[in-house]
Amino acid sequence: MTNTGFNVLNNPFINKGTAFTADERKQFQIEGLLPPFVQTLDQQVEQTYAQYQMRDTDLAKRLFLMDIFNENRVLFYKLFSEHVNEFMPIVYDPTIADTIENYSRLFIDPQNAAYLSIDDPDNMEKTLKNAADGRDIKLIVVTDGEGILGIGDWGLQGVDISVGKLMVYTAAAGIDPKSVLPVVLDVGTNNQKLLDDDLYLGNRHERVRGDKYYAFVDKFVEIAEDTFPNMYLHFEDFGRDNAANILNKYKDKILTFNDDIQGTGIITLAGILGALNISKQKLTDQVYMSFGAGTAGAGITKRIFDAMVEEGLSEDEARKHFYLVDKQGLLFKDTEGLTPEQKPFARDRSEFSNADELTTLKAAMNAVHPSILVGTSTQPGTFTKEIIQDMAAHTDRPIIFPLSNPTKLAEATAEDLINWTDGKALVATGVPAAPVELNGVTYHIGQANNALVYPGLGLGALAVNAKLLSDGMINRAAHSLGGIVDPTEPGAAVLPPVSKLDVFSMTVANGVAEQAIEENLSDSKDGDKAVQQLKWTPEY
Ligand SMILES: NC(=O)c1ccc[n+]([C@@H]2O[C@H](COP(=O)([O-])OP(=O)(O)OC[C@H]3O[C@@H](n4cnc5c(N)ncnc54)[C@H](O)[C@@H]3O)[C@@H](O)[C@H]2O)c1
Ligand SMILES: O=C(O)C[C@H](O)C(=O)O
Ligand SMILES: [Mn+2]
C-alpha cells in the first residue's frame, strides 16, 4: 500500500479518526477519507461509550472495546480512564479468560504482539524489531501460556494475557502505550483440545521442556535486553515448574518482575495489613495457611514471611507461623514432590499426633486453626461452610482470601464467607465482588488482584530507570496501599477500591521510585518528579 493516508488511519498509535483536524487531514493525505465533521476526543468518548452500552454480554462488550483498541489507542484509554471500575472486569479478569480460551476462533487482529516460536528461534530479533516498528519499548509482558490464571495451558492463545496486563498498566499508571510490547513464547501446548482444533493458531506440538526450553527463554531475554535497553521485563502465567526458576535466574541481573509470584505477594500482604488495621491485630500473632502452594501460593507465603521477619521475628520463629496445603494435603518435610519454594515451609510430622491423617484442607484446618486462610488452589468451592465456620469458631476476625481466578474457580464467594461468619470474616477476592449486605451493614470486598499494584510498581521502577527490582521496592509497594480506606467504618474493605486505581497507582509508583533511589539502584534525584514526567495521559 502506497497511500500514506490509509497507513495513518490504520496505525492505532497515531490514528485519531474523526478527530483529525483539517490541517492534519491535509498533511496525512486523508482529505475526504473521513466524514467531514471534526470531533473532539470527548465527543468520540461519548459516542463510543453509548455504543459499548448497546452490547449485552461481557464478551461482546470486550470485543467492541478491542475494536477501539485496535483502531485508536488514545480513544481507547480515554474511554477506559473514564470508566475504570466498569471496564476492569471486561477488559481484564474475569472476561479475559473467555477470550483466551477462544482466542483462535475470535481472532481478528494481532494487536501489535510479538509471536515468538520455539521452532523458529533465529527469527526472534527480527520479530521483536518488526513488532516495535521503531517504537522505544520500555515494557514487555511475556507469557508462555502454560499457567493462564487458574485455567491452565492455553498455548499461544495466552498472548491475550500479555495484551490485557499491558492495558491495565496504561489505564492504571499511565504507561505510554507506544512504549509497550506484548510477547508470547510459543513453545507448544499440552492442551489436547487445542492440538485437535483445526483453527488453533499456535504450534501444534507438545510443550518443549528442559534444556531446549530454557535456552529459548534465555535467548529471548538476551535479545530483548539488547534490543530494548532499560526495559522492564514482566513475566506472566508461566507454569509452576518454570516461573520461579526464571525469576531466580534473572532477578539480580536485570530489571524484571514475576507478577504471579511477586505481584500477588505484594497485594496479598497489603490486604492482610489492611485486614489487621481493621481488627487491630499484629501480623506476628497470625497463623497462616496457604491452600494451593504453587507459583502464587508459595510467592505470597514468602512475602508474608519476609514481612514477619521485618517486624522482628527470627526466621525460625517466623517459619512456625506458616502451613502449606497442596494436593498431597498438609506439606511435610518428607512429602514427595515438594517444590524448592515449598520446602522451607514444610512441617515436621512429629508436630502432630495425627500427621498421616492431614491429607485434606478440612483435616489440616482442624489441626492448625489458622487465623489467615489464602486460596490459590484453582479448586472451586473448597472453602466450605463447615471449614469456614470451624475457622471462625477459633479466631475473632478470620482473614479469608479466596484468590483463585477466574470467577468459576474461586474457593468461595465473598457473600458466603460474610454470611457463614456473621460478618466476622475479613475477605478479599481475586476478581471483583459486589458488596454484601448483612444485618444493616454493607461489607465492601477488597480485590486482592495483582492488578492493583503491578502498574504502579512498573511505573515507579521505570521512571527512575532502576537497575533492579529489589525486595525493598516490592515491600514499599505493599505498604503503599494503606491509608486510603477508613478502617473504622463498619464493613470497611481490606484494600482500596478499584475505582481509585489511578490515584493509588501513583502512590505506589512514588514509593517505589523513592525506594530505588534510597537503595542506590537509580541515579535519579527526585522520584516524584520522574514519575510525573513518565506518566502518559490519553489526549491528542
Ligand atoms: N488474585 C491474584 O492476583 C492472583 C494472582 C496469581 C494467581 N492467582 C490465582 O491462583 C491460582 C493458582 O495460580 P498459580 O499461578 O499459583 O498456579 P500453580 O499451578 O502454580 O499453583 C496451583 C497449585 O494448586 C495446587 N492444587 C491443585 N489442586 C489442588 C487441590 N485439590 N488441593 C490443593 N492444592 C491443589 C497445585 O498442585 C499447585 O501447587 C489461579 O487460579 C490463579 O488465577 C490469583
Ligand atoms: O490475571 C489475574 O487476574 C491475576 C493473576 O495474575 C492470575 O494469574 O490469576
Ligand atoms: Mn497471572
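Mentor: The largest pocket has a volume of about 970 Å³. Of the 36 residues that line the largest pocket, L149, G150, T295, T376 and T378 are the closest to its centre. Two elements, α14 (259-279) and α15 (295-310), each give two or more residues to that lining. Please keep in mind that this is a predicted model, in which local features need pLDDT of at least 70 and side-chain atom pairs count only at pLDDT 80 or more, while totals for chains, interfaces and linings use all residues. Residues are numbered from 1 along each chain as its sequence is written, chains are lettered from A and ligands numbered from 1 in the order in which they are written, and side-chain values use heavy atoms, with hydrogens and water left out.

Trainee: What makes a space a pocket, and what makes a residue part of its lining?

Mentor: On a 1 Å grid over the protein atoms alone, a pocket is an open set of points with protein on both sides within 12 Å along at least five of seven lines, whereas a cavity is a set where a 1.4 Å probe fits but cannot get out; a lining residue has an atom within 4 Å of a point. The volume is the space filled by probe spheres set on the points, which are joined across faces, edges and corners.

Trainee: Which domains supply at least three residues each to the lining of the largest pocket?

Mentor: They are domain 2 (96-258) and domain 3 (262-449), with bounds from an automatic or database domain assignment.

Trainee: How does the lining of the second largest pocket divide into nonpolar, polar and charged residues?

Mentor: That pocket holds about 500 Å³ of space, and of its 28 lining residues the closest to the centre are L247, N248, K251, I261 and K302. The lining divides into 12 nonpolar, 8 polar and 8 charged residues, where Asp, Glu, Lys and Arg count as charged, Ala, Val, Leu, Ile, Met, Phe, Trp, Tyr, Cys and Pro as nonpolar, and the others, Gly among them, as polar. Helix α15 contributes the most to this lining, with 6 residues; helices here are DSSP runs of H or I with at least four residues, strands are runs of E with at least two, and both are numbered from the N terminus.

Trainee: Why is the contact between R303 and D306 called a salt bridge?

Mentor: The term requires a side-chain nitrogen of Lys or Arg within 4 Å of a carboxyl oxygen of Asp or Glu. The closest N and O atoms of R303 and D306 are 3.9 Å apart, so the pair qualifies. The two residues stand 3 apart in helix α15, so about one helical turn separates them. K302, R303, D306 and D471 are linked in a network of such bridges.

Trainee: Why do R303 and D306 count as buried?

Mentor: Buried means under 20% relative accessible area, exposed over 50%, and partly exposed in between (1.4 Å probe, protein chains only). R303 has 8% and D306 has 18%, so both are buried.

Trainee: What makes R476 partly exposed, and which residues does R476 pair with?

Mentor: R476 has 24% relative accessibility, so R476 falls in the partly exposed range. R476 forms a salt bridge with E514, the closest N and O atoms being 2.8 Å apart, and this pair links distant parts of the chain, since E514 lies in helix α22 (residues 501-518) and R476 in helix α21, 38 residues apart. R476 also forms a salt bridge with E518, at 3.8 Å.
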